[in-house]
Amino acid sequence: MVFAFVRLALVAFVVMTLAYVGISIWSRQVRRRKLKRAWEEEGRPGDRADYVERGLDDYDDSLRRKLILLIYILPVVIVGFIIYLVNFM
Amino acid sequence: MRYVKWALWAVFWLLIAAFFHYTLPQRDIVRITDTFERRVDFGENSIFWAKADTGNASGTVNRDVFFIQSIRENGRPMVYRNEDTGWGWPPYFKFDTNNLQTEAADLRSTSADPQWVAVTHYGWRNEFISIFPNAVGVRALDSPDVTLIPWFNIIILLIFAAICWAIRVRWIRFRERRIDPVMENVEDSWDDGRGRVSGWFASWRKKK
């Protein structure tokens with residue numbers, strides 16, 4: 001029981017961490033690309049690197065970035081729900 | 001070559017279909033005639049049996065397994081095994097095997113006075129290798145004439161189809177952008193080369 005549970009937890013943790021890191025990097029890149037485009041559309045105000053850096057700082061504090069944490073939360077909630085559904089309902 | 005490609009894809013999709021057909025839950029409308037347990041020595045069919053109940057010693061050669069005997073609506077027999085899936089595959093997280101056996105035993109009925117039951121299960125019944133679907137839940141029905149819509153399976157298969165579609169679209173786009181231009185280049189230079197060679201042959205012929 002303990003061994004099977006630990007095995008599942010470890011595998012799930014590794015997979016979720018890979019997904020979390022991957023999606024974090026991808027999302028930051030998307031944000032960076034959008035900021036560069038926005039900088040050009042706004043008539044190139046000031047230095048482009050500064051503009052992008054400031055935008056990414058805003059992104060770091062945003063809810064959108066914290067939503068990526070759902071990668072860890074959702075599977076655990078789903079498994080808990082299945083356990084309740086199959087065994088206790 | 002084209003037929004080989006088709007055959008490979010057919011085998012691939014057959015395997016996918018078999019995987020889903022085995023793993024996804026299905027509901028049968030049955031009448032439970034009896035429940036029993038029996039010692040099972042697992043042989044070459046062991047992949048179709050679960051591991052020992054969660055918490056019990058694992059790696060034993062044989063153990064007692066619960067079974068649920070039933071008669072389906074169409075009069076044909078169906079026997080389910082009743083085993084924990086625990087934390088393993090498939091991810092049903094079933095730990096209540098003994099409770100389920102109690103419920104199933106409580107719903108036993110005779111053909112004279114049938115009590116219809118919807119049995120949720122996964123897996124296959126195959127007489128030739130002695131495998132049984134694993135019952136996951138039982139629910140008493142008032143009458144056998146109910147339509148059970150497999151919403152869960154519909155959602156899972158739709159998500160799977162969406163993922164396949166997304167991969168396919170991206171692959172086609174990738175091929176159009178990266179591989180097709182290269183192949184055209186190769187073909188162009190091949191045509192050029194052939195022109196030169198046949199030109200050379202032509203000049204050689206003229207000499208003669």
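## Exercises on aromatic pairs

In this predicted model, A:Y72 has a relative accessibility of 22% and therefore counts as partly exposed.

**Exercise 1.** State how many aromatic pairs are found over all chains, and classify the pair formed by A:Y20 and A:Y72.

*Solution.* Over all chains, the count of aromatic pairs comes to 22. For A:Y20 and A:Y72, the ring centres are 5.5 Å apart and the planes meet at 45°, so this pair is tilted. As for its place in the fold, A:Y20 belongs to helix 1 (residues 2-41) of chain A while A:Y72 belongs to helix 4 (residues 70-88) of that chain, so the pair ties together parts that are 52 residues apart in sequence.

**Exercise 2.** Classify the pair of B:W49 and B:F132, and decide whether B:W49 is buried or exposed.

*Solution.* The ring centres of B:W49 and B:F132 lie 5.8 Å apart with their planes at 70°, and because an angle over 60 degrees counts as edge-to-face, the pair is edge-to-face. B:W49 sits in the loop between strand 1 (26-41) and strand 2 (62-72) of chain B, and B:F132 in the loop between strand 4 (116-122) and strand 5 (134-140) of chain B, so parts that are 83 residues apart in sequence are tied together by the pair. B:W49, at 5% relative accessibility, counts as buried, and B:F132, at 8%, counts as buried too.

**Exercise 3.** Identify the residue that lies over the face of B:W49, and name the members of the aromatic cluster that includes B:F48.

*Solution.* Over the face of B:W49 lies B:R81, at 5.8 Å from the ring centre. The cluster is formed by B:Y22, B:F48, B:Y92, B:Y122 and B:W124.

How values were computed: Residues are numbered from 1 along each chain as its sequence is written. Chains are lettered from A and ligands numbered from 1 in the order in which they are written. This is a predicted model: local features need pLDDT of at least 70, side-chain atom pairs count only at pLDDT 80 or more; totals for chains, interfaces and linings use all residues. Side-chain values use heavy atoms; hydrogens and water are left out. Rings of Phe, Tyr and Trp (its six-membered ring) pair if their centres lie within 6.5 Å; planes under 30 degrees apart count as stacked, over 60 as edge-to-face and the rest as tilted. Helices (H or I, at least four residues) and strands (E, at least two) are DSSP runs, numbered from the N terminus. Buried means under 20% relative accessible area, exposed over 50%, partly exposed in between (1.4 Å probe, protein chains only). A charge sits over a ring if NZ of Lys or CZ of Arg is within 6 Å of the ring centre and within 35 degrees of the ring normal.
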